[in-house]
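Have a go at each one before you read its solution.

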Amino acid sequence: MRKCIVYLVEENGTSEFRFSFDLEMDQFYFANQQVKEIIVISPPLSIGTAQALIRCLNDGMKKRGFIIFGRRERKEEVERERIWRCQEKLGIAKVYDVFPSKGNLLEGITETRNNKRDWMCDLATSYAKWKEEIAPFVFGKQLLLDELKGIPNLVLDESFYQMLQYGILTGEVKVMSSVASPLDSARPICHRCGSSEKVHVQPCASCGDACATCEECIAMGRSKTCIPLLQFTYFGAKMIKKDHRQRDIPPTINTHCYQLTPHQARVAEYAVHFLHNQEFKELLIWAVTGAGKTEMIFPTIHKGISNGYRILLASPRKDVIRELTPRFRKAFPEIPIVSLYGGSPERWNSGQFYLATTHQTLRFVDFFDLVIIDEMDAFPYHGDSVLHRVVRRALKKDGKLIYLTATPSKDWIDRIQHREIDVTVLPIRYHGNPLPVPELKYINDLRKRLKQEKPFQIMEEFIAEVKKRKGQAFIFVSEVRLVKIWQNQLRKWFPDAKVEGVHATDYLRDDKVEQFRKGDIQFLVTTTIMERGVTVPNVHVLVLGADTQVFDEATLVQIAGRVGRSKDYPDGLVWFIAETKTKDLVKAKDQIERMNQLAKNWINNKK
Ligand SMILES: [Zn+2]
Ligand SMILES: [Zn+2]
C-alpha cells in the first residue's frame, strides 16, 4: 500500500499542510516557487490518517485564527506546539524535520536524476505526455487507486507516483481517502458513495492504521480509509477538441429505430422541452408499469446528442443495458457509445453516450450534461441522499437530470409538491388498456391453512382460473424461508401443476427464470425479487401475506404491474391475500385506480 507523508510548507506568509506520495517531487515543485524549505511532520501514513492529521491541524488554525508573529522563532514555536498536539491526539509519531527544497525545479531534476530515464529531463513535458496517455481512460471519473491497475499498459511504479504527485500539486488530480478516517469522525463517511450507514471500522492488514471499510459500494471494489480515491475532473481539456460535438454537420440519427404511441410522444415531447427549461434542473417521468419508458426517452437522447451533450442512461439491470446498447448503436450510428456493467469489455472506453448499470454512476464526476436514471426507486445504494449525491456528482454543474419511475417514493412526491422538480405523468400503458386493478381478499390464519391437508378455497380458485386461461403465475411470499414451504405444499395440493420456487441467492435463479419465460414452469413461488424485470405475456399474480411489511405500496404496485403488459393479454388476475387491511394495500389499489382514471380523462380529452 502506498503511504504518504504530511508536511508543512510556507508560501507568501501562509502556512499550508499537504501530503505527498513522492516527497522529492514536492521539494522540486516548491523550490521552483521560491520556497526554501518544507517541514516534514509525519512518518509515512495511510492517506486517511494523513488527511485526518491535516484536518486536525487546519481546525486548530481556524479556531485560533492565523497570527503573523514579528519574530520567526516565536511563530515556529506556536506552530510546533500545534503540530505536536495533533500528532498526540491522533497517536502519530512526533516528527518535525526540516528539509531544504531542491533548487530550480528542472535543474534539480537533471542534477539528481540525470541517470534515470529521459523524460525526467523535462518534468512538465513528461507530465503532459503522461496525462494525454491516461486521460482517455480516466477523464471525468473517480477511481480507487487499485482500479487504475486495470488500465491497459499502466504500471503503478515509481514514475507513476511521481506523475500523480505532480498532477496533485498542479491541482489537476484531486485525491482523498476513499473512506474518511475513524480518527476523524465517529461515523466515517465513504467519499465514493456518500454513505456512512454501512461503514465499519475493522483491523486492516495492509495499513495497520485506524481503518474503515464501506460495505455499501463494495460491489464496485473495496473502498477504505487507506485506499486513495482519485478524481480526474480536469483531464479533459485536450480531448474535448477531438470530440464529436465540434463537428458542424449534425450526426446521422435513424429515427425509424423507435416508434412512439401518441401518448408516449406527448410525454417524450415534454422531456425534450425540459432540456431547455430554465426553471428546473430535474424532471421526474412518472409512467405506469408497461408504459414503454425506454421508447419514450429516445427523442430526448436524440435531442441531447444533437446538442452535443455527453449523456448517461443508467438502469439498475444489466440485461436492460445489454439489450438497449445495440438498439441505440443502430439509432445513433456515428456516436461513440459505451456500455458499462460488471464485467463489461468496454470498461475503459470513452464516448459521448454511456449506457450503464446504476452502480457505475459512482465512477463519474462532473462529466455528463444529461443523466437519465431508469427505475430510480430501484437504486442500488440505500437511501435517497446517496442517490442524490452520486447522481449529482456525475452531472456537470449546469447539467440536467431525468428520473424514470412507476412508483415514486413519498420523498419524491413531496419534492414535486414543493416544486423542487418538474414532473410529467404517463398514466396509459403503450397498448392503451387500463392497469389491472388488484383484488384484496381477506382470509384468517394463513399459517394454519398452509398446513392443511387440502388447499383453501381462494388458492383453489386462483390455480383453477390460471389454468383455465392457460396462463402462468407469480406467487409472491414475504420471506425466503416461505418459498420452499409454499412450493412443496402447492406441489402436494396440485400434483399436476408445474411449480418452482426462486429467491435472490438461489444459484439456479437464472435457469428458473428462463424456464418460466419459456413456459416450462407454470407457477413460480418467489420473493419480491420478481417484482420487476421479468415480463411474460399471459401472467397472473397472487400475493400471500400481502399485509406483511415487505409489501409496501410501491412493491405492490410493481407486482400488480407484472400483469397485462402484453397487447394480446392486457388483463389478468391480481390477487392480494391478507389477514388484515393495511395502509399500503389500500394505497396501492388507490394509486392504480387513480392512474386508470387519469388515463380515461386523457383518452376522453383526445377525442
Ligand atoms: Zn461506499
Ligand atoms: Zn487500511
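**Exercise 1.** Find the bridge partner of T213 in β9.

*Solution.* T213 is bridged to K224. Step back to the strands: β8 and β9 run antiparallel and are joined by 2 bridges. Strands here are DSSP E runs of at least two residues, helices are H or I runs of at least four, and both are numbered from the N terminus. Two strands pair if DSSP finds at least two bridges between them. Now widen the view: the open sheet has 3 strands, ordered β7-β8-β9, with antiparallel pairing. β7 and β9 (223-224) are its edge strands, each pairing on one side only.

A word on the ground rules: this is a predicted model, where local features need pLDDT of at least 70, side-chain atom pairs count only at pLDDT 80 or more, and totals for chains, interfaces and linings use all residues. Residues are numbered from 1 along each chain as its sequence is written, chains are lettered from A and ligands numbered from 1 in the order written, and side-chain values use heavy atoms, without hydrogens and water.

**Exercise 2.** Work out why the arrangement around the zinc ion (ligand 1) is tetrahedral.

*Solution.* Start with the protein donors: the SG atoms of C190, C193, C214 and C217 lie 2.3 to 2.4 Å from the zinc ion. (Donors are N, O and S atoms within 2.8 Å of the metal, or 3.2 Å for Na, K and Ca.) Next, check the angles: the 4 donor atoms subtend 105 to 114°, so the arrangement is tetrahedral, a label that requires all angles between four donors to lie between 85 and 135 degrees. Finally, read the spacing, C-x2-C-x20-C-x2-C.

Notes:
Four donors count as tetrahedral if all angles lie between 85 and 135 degrees; four count as square planar and six as octahedral if opposite donors are over 155 degrees apart and all others between 65 and 115; anything else is irregular.
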